[in-house]
Amino acid sequence: MDQQIEKNKVLNLNEVIDYAHGGIVSKEFIHNEAGSSTFFAFDKGQRLSEHMAPFDATLMIIDGEAEIMIDGELFHPKAGEMIIIPAIHRHAVNAIQPFKMILTMIRG
């Protein structure tokens, strides 16, 4: 992952990271024993394969539209929308178009 994002600074979320042709870019906002918050930019066609996480996670879409699969059900959150992925549920992320999201996971 890239270096953490600077604290004590107002940020324009669409300017925090850029898309990378054919890739996924990520930057952590914060990461500690309580959890993490990470910004991602997915280029069209990129994906995170199906997996599970031990804690609930929120995905907040900042730009574009994502395809999120949770337990076999597809969701299409758009910019300004979010979805909560429950702990220990199979899920995957697919970029049917370029999109940016913030992933927040709180342990506990």
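**Aromatic rings in the model**

F39 is buried, with a relative accessible area of 0%; buried here means under 20%, while over 50% is exposed and anything in between is partly exposed (1.4 Å probe, protein chains only). The model is a predicted one, in which local features need pLDDT of at least 70, side-chain atom pairs count only at pLDDT 80 or more, and totals for chains, interfaces and linings use all residues. Residues are numbered from 1 along each chain as its sequence is written, and side-chain values rest on heavy atoms, with hydrogens and water left out.

Three aromatic pairs turn up in the structure. Rings of Phe, Tyr and Trp (its six-membered ring) pair if their centres lie within 6.5 Å; planes under 30 degrees apart are stacked, over 60 edge-to-face, and the rest tilted. One of the pairs brings together F29 and F39, and it is tilted because the planes stand at 40°, with the ring centres 6.0 Å apart. This pair links distant parts of the chain, ten residues apart: F29 belongs to strand β1 (residues 24–32) and F39 to strand β2 (residues 35–42). Strands (E, at least two residues), like helices (H or I, at least four), are DSSP runs numbered from the N terminus.

F42 and F99 make a stacked pair, at 4.7 Å centre to centre and 10° between the planes. Again distant parts of the chain are linked, with F42 in strand β2 and F99 in strand β9 (residues 99–106), 57 residues apart. F42 is buried at 0% relative accessible area, and F99 also counts as buried, at 0%. Ring pairs join F40, F42 and F99 into a cluster.
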